[in-house]
Amino acid sequence: FLSSLILYNLFNFNHSKCSNSLLLDQLLVLYLGSIRAEDVLLKAILTKIEAKISKSWITKVRNWEVNEELKNDEYLIVGEPRLITKDKSSLVVSISKNYINNSINHGDKALQIPDSKGSIEENWNKFNTMYCESEVSIDQEYENTVYDPEFFLLLILNNEELVKIDKVEDESGKPKFDVVRLINSGILQYIVANVGNSNKNVGTIVKMLLQGVLQTLETIENFKDANVYKVYISNILFTLRGDTSSIPNIIWYMYSAFANILSNPGHFLYEKTFRYVLSTPQLKSNDIPIYTLIVLAIDAQSEEESYYKQVPWLIEHLTKALHDTSDLNLIKNKGVIEWVMNLMNSPFISIRIKTLIFKFIERIEAIDQGSDLIITRFGMLSNLEQQSQNYPDKDSLLDSQIKLNLDQLMVRMGISVGSSKRILHWTENDLPNAIKRVCTRSD
C-alpha cells in the first residue's frame with residue numbers, strides 16, 4: 001500500500017507530464033484489478049494516464065485467458081497467474097474463475113480515495129484511514145482477491161474471446177456474446193449479482209451487458225436453453241425499468257445463482273428455478289427468490305430426498321448473500337431467522353446443516369445491529385445455551401467441534417453488544433454470565 005501511495009502522490013504532483021505510454025505499461029503489470037487499497041490507487045493513476053494520452057492499453061492485449069477454478073491443494077501447487085502479464089510488445093490478460101467466485105460472494109463494498117487538499121498530516125491520516133478500512137473489510141490474501149466491479153465489467157466488454165463485433169452492412173457492428181462461455185465461467189452470475197451495485201457506473205455497464213446478452217440470445221443457434229435464458233434476462237431488464245433502489249442486494253445475489261442452474265437440468269433445484277423464472281416477470285423488494293418454494297416443499301415423497309439437498313444450498317447462499325442491514329431486515333420480515341432456528345432445534349438435521357446454521361448466525365452477528373436483533377427478537381442467547389446442553393460428551397470430536405462453534409458465537413455477541421445498555425437491560429445484566437455458562441460447559 002505504501003508503495004502505491006508514494007506512486008500516487010508523486011504522479012499527482014504533475015500528472016500531465018507524467019502521463020505517457022511507458023509509465024502505463026510499467027504500472028499495468030503491477031495492477032491486480034482488485035478492490036484492495038493499493039489497487040484502487042493504481043487504478044486512479046491508470047485512468048488519468050489513459051485520459052491524457054487518449055489511448056487504451058486494451059489495444060496491446062494479444063491473448064485473453066479464463067483460468068479454470070482450482071481447488072485448495074491445486075492452488076497451492078499451481079497458483080494463479082497475475083491479471084496482466086507482458087510479453088515483449090504485447091499483453092496477456094488472465095481472468096481467474098476463483099476470483100470471480102470470490103467477487104460474487106463479496107458483496108457491494110468499495111473504497112473511496114480521499115482528497116489531498118489538507119496538510120501533509122491531515123492527508124496522511126485520511127489515507128491511513130482508507131488503509132485501515134481496507135484491512136478490516138477486505139481480505140488481503142492474494143488467493144482471496146476480489147475484482148473491482150467497474151474494471152472487471154469493462155474488461156468483459158473488451159474481451160474479444162467473450163464479445164465479438166459482427167460487422168453488418170450499413171451498420172458499425174453489433175456485439176455478439178459467447179453466452180455459453182459467460183455461463184460456464186460464472187461471469188453471467190457475476191454480472192447479475194452486480195445489478196444492485198451502489199456505483200452508478202457499474203449499474204450502467206451491467207445493464208449494457210445484459211441487453212447485449214439478450215440480443216445475442218435472440219439470434220443464437222445450437223443453444224437449447226436459449227429461451228429460458230431470454231426470460232431470465234428479460235425479467236431483470238423489466239425490473240430495472242422501475243425503481244430498484246428498494247431492492248436489497250440479497251435478492252440480486254439469490255437470483256444470480258440461477259444463471260448456473262438453468263443450463264443444468266440434472267441440478268436438484270432445476271425444476272424449482274425454472275418454475276420461478278417463468279412465473280416471476282418482475283423481482284420484488286419483499287420476495288427472496290426460490291425461498292418459499294424450498295421452505296414449503298415436500299409436497300410429494302419423491303421430493304423428500306432432494307429437500308435435504310436444497311436446505312443446505314439455501315442456507316449457504318443466504319449466508320453468502322447477507323451483507324448489510326437492508327438484507328437483514330428482509331430475512332427478518334420473511335421469517336428466515338425463525339425457520340433457521342427451528343431447523344437448529346430439530347434432532348433430525350445433519351452436522352453439515354448445523355454447521356451451516358452456525359455460519360449463518362455468525363454472518364448476522366457481523367452486520368450492524370445483527371447481534372442486537374437475534375438477542376432481543378429471537379432469544380438467541382437462551383437458544384445457544386440450550387444447544388450447549390445437548391452435547392455432553394467431551395470425548396466426542398463432533399460434540400467438541402459444535403461446542404467450540406457455540407463458544408465462538410457467544411463470544412462474538414459479547415464483543416459486539418456486550419457494552420450496549422439496551423442489551424444489558426434486556427438481559428437483566430445476564431449477558432456476561434450467559435457467555436460464561438456456555439464457555440464453562442465446553443471446558
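Me: Let's start with N222. Is it buried or exposed?

Reply: N222 is exposed, with a relative accessible area of 84%. One thing to keep in mind from the start: this is a predicted model.

Me: Okay. Where does N222 sit?

Reply: N222 is in the loop between α11 (200-219) and α12 (226-240). Its phi is near 60°, a positive value in a residue other than glycine.

Me: Got it. What about Q369, what's its phi?

Reply: Phi of Q369 is near 70°, again a positive value in a residue other than glycine. Q369 lies in the loop between α20 (351-366) and α21 (370-376).

Me: Where is confidence lowest, and where is it highest?

Reply: Helix α5 (residues 72-78) is the lowest, at a mean of 57, while helix α14 (residues 258-261) is the highest, at 94.

Me: So how should I treat a low stretch?

Reply: Where pLDDT is low, the predicted coordinates should not be read in detail.

Me: Switching to strands. What order do they have in the sheet?

Reply: The open sheet has 3 strands in the order β1-β3-β2, with mixed pairing. Since β1 and β2 (84-87) stand at the edges with a single partner strand each, one side of each has no neighbour in the sheet. From one strand to the next, the twist averages 20°.

Me: How do β2 and β3 run, and how many bridges join them?

Reply: They run antiparallel, and 4 bridges join β2 to strand β3 (residues 90-96). K86 stands opposite L91 in β3. The two strands make a hairpin with 2 residues between them, and K88 in the turn has a positive phi of about 55°.

Me: Let's do aromatics. How many aromatic pairs are there?

Reply: The structure holds 13 of them. In one, W57 and F151 are stacked, 6.3 Å centre to centre with 20° between the planes. That pair links distant parts of the chain: W57 is in the loop between α4 (37-53) and β1 (61-67), F151 is in helix α8 (residues 149-158), and they are 94 residues apart.

Me: Are those two buried or exposed?

Reply: W57 and F151 are both buried.

Me: Which residues form the aromatic cluster?

Reply: F223, Y229, Y232, Y255, F258 and Y276 form one cluster.

Me: And the largest nonpolar core, which members touch the most others?

Reply: Of its 136 residues, W57, L155, L210, Y232 and I331 touch the most other members.

Me: Let's take L210. What is it in contact with?

Reply: Leaving aside neighbours within four places in sequence, L210 contacts L188, I191, V192, V195, I233, I236 and L237.

Me: What about N158, how accessible is it?

Reply: N158, also found in helix α8, has 36% relative accessibility and counts as partly exposed. Setting aside residues up to four places away in sequence, N158 touches I58 and W64.

Me: Last one: how many Å separate N158 from Q369?

Reply: Their C-alpha atoms are 42 Å apart in space, and the two are 211 residues apart in sequence.

Note on methods: Residues are numbered from 1 along each chain as its sequence is written. This is a predicted model: local features need pLDDT of at least 70, side-chain atom pairs count only at pLDDT 80 or more; totals for chains, interfaces and linings use all residues. Side-chain values use heavy atoms; hydrogens and water are left out. pLDDT is the predictor's confidence in each residue, from 0 to 100. Rings of Phe, Tyr and Trp (its six-membered ring) pair if their centres lie within 6.5 Å; planes under 30 degrees apart count as stacked, over 60 as edge-to-face and the rest as tilted. Buried means under 20% relative accessible area, exposed over 50%, partly exposed in between (1.4 Å probe, protein chains only). A nonpolar core is a set of buried Ala, Val, Leu, Ile, Met, Phe, Trp, Tyr and Cys residues joined through side-chain atoms within 4.5 Å. Contact means heavy atoms within 4.5 Å. Two strands pair if DSSP finds at least two bridges between them. Axes are lines fitted to C-alpha atoms, for helices over the stretch in contact, and angles run from 0 to 180 degrees between N-to-C directions.
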